[in-house]
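Please open the model in a viewer and keep the selection tool at hand.

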Amino acid sequence: MQVEVSADTSLTMMRNLLRIRMVEERIAALYPEQEMRCPTHFSIGQEATAVGVCAHLQKDDLIASAHRSHAHYLAKGGNLRAMLAELYGKATGCAKGKGGSMHLIDLEAGFLGAVPVVGSTIPIGVGVSFSSHLRGESQLVVIFFGDGATETGAFHESLNFASIHKLPIVMVCENNLYSVLTPIEARHPEGREIAQLAEAHGALSLQGDGNDVETVYALADHAIAHARSGAGPAFIELKTYRWLEHCGPLVDSNLRSKSEMDAWRARDPVTIYLDRLIARGILSDVEEMRNEIEAEIDAAVAFAKESPFPEREEMTRHLYATAADGSA
Ligand SMILES: Cc1ncc(C[n+]2csc(CCOP(=O)(O)OP(=O)(O)O)c2C)c(N)n1
């Protein structure tokens, strides 16, 4: 499935791919300093899924993510400075320094949030969509999650509910073939595709190459048009691969096969698109783009490092709990 991509959109997607890659490479380089004290899951190798889908979204469209959230946050227009400050636990972070990498949130950017309990943002996204539907607003909600999340009850219940109510939701499953270190063959029956699960729940179900940003863009175009038309939810399964360990900046080359890792690295979503745009004559000077991004990252890192930690009183602010006597 392909759709025409304008030169402007191509360049925007290229820039976003490169920017997300460079931001995460910088986080990986700085992580050993131990100033970022939160567990951090990298999307290096998986950037095209976030970029190809979010290229269609407006500021007031909403997305939800999970523990592997940086690419989604940046592709949706989240603030790089606020994201890095959050990783450093600073008061200027997008969650006021109290969440870290796995709890990004930015309602200004239409980023509903990231929650590391696997599958948990799926019903949150569906609930937000349902409330919008009840208000007659029908705001688009896109929910990103991994293949592991399709093994939760929350996924099935949420998609079933979304189908019954014909909610304008697009679920994007980034199938990177692993849940931590357990490969998909050990978790799913042979010959049954994840996309078939969504079809069984009555969603429009699509599947494709998650490392080709234009394929993602085309699938998302179809899925979003379906969801916005009132026909109900759509689901996209995108095959991709994370290059780094499940959590952290290292490469787990002793735990996954070298041939498998090499094969996926040879299908680098950033290089694939760069080569294509150069061949089409749309991009000539990637160094200029790279330098601009580098300068932006330098400034954002400096901002994050120089920002203050939250005040002590912040510790209990924005916390909601029910006391033993039932009061909130
Ligand atoms: C309910 C729950 N069970 C287990 C975990 C531990 N856990 C964290 S990430 C993860 C793997 C999730 O895999 P997937 O959804 O495919 O996302 P990926 O890490 O591949 O992006 C697991 C099992 C958890 N966080 N929440």
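Begin with helices H5 and H6, whose crossing is left-handed; a crossing is so called if the near helix is turned anticlockwise from the far one by less than a right angle, and right-handed if clockwise. Helices here are DSSP runs (H or I, at least four residues) and strands are runs of E of at least two, numbered from the N terminus.

The model is a predicted one, in which local features need pLDDT of at least 70 and side-chain atom pairs count only at pLDDT 80 or more, while totals for chains, interfaces and linings use all residues. Residue numbers start from 1 along each chain as its sequence is written.

Select residues 121–134 for H5 and 153–164 for H6: the two pack at an angle of about 20°, with their axes 9 Å apart. H5 is therefore roughly parallel to H6. Axes are lines fitted to C-alpha atoms, for helices over the stretch in contact, and angles run from 0 to 180 degrees between N-to-C directions. Angles under 35 degrees count as roughly parallel, over 145 as roughly antiparallel, 65 to 115 as roughly perpendicular, and the rest as oblique.

Now show the side chains at this contact: Ile 122, Pro 123, Val 126 and Ser 129 on H5 meet Ala 154, Phe 155, Ser 158, Phe 161 and Ala 162 on H6. Contact requires C-beta atoms, placed from the backbone, within 7 Å. By class, this contact has seven nonpolar, two polar and no charged residues. Ala, Val, Leu, Ile, Met, Phe, Trp, Tyr, Cys and Pro count as nonpolar, Asp, Glu, Lys and Arg as charged, and the others, Gly among them, as polar.

Next, select H1 (residues 7–30) and H11 (residues 286–306), whose axes come within 10 Å and cross at roughly 45°. The crossing is right-handed. H1 contributes Arg 15, Leu 18, Arg 19, Met 22, Val 23 and Arg 26 to the contact, and H11 contributes Met 289, Arg 290, Ile 293, Glu 294, Ile 297 and Val 301. These residues divide into seven nonpolar, no polar and five charged.

Move on to H2 (residues 47–54) and H8 (residues 213–228): their axes come within 8 Å and cross at roughly 40°. H2 is therefore oblique to H8. Their contact joins Ala 48, Thr 49, Val 51, Gly 52 and Val 53 of H2 to Val 213, Val 216, Tyr 217 and Ala 220 of H8.

Which residues come nearest to the ligand? Of the 15 residues around the ligand (C-beta atom, placed from the backbone, within 6 Å), select Arg 68, Val 118, Gly 146, Gly 148 and Ser 179, which come nearest. Strands S3 (141–146) and S5 (178–179) are the elements that give two or more residues to this shell. The shell comprises seven nonpolar, six polar and two charged residues.

Finally, display the whole chain, with its 11 helices and eight strands. The C-alpha atoms fill a box of roughly 65 × 50 × 40 Å along the principal axes.

Technical notes
Contact = placed C-beta atoms within 7 Å.
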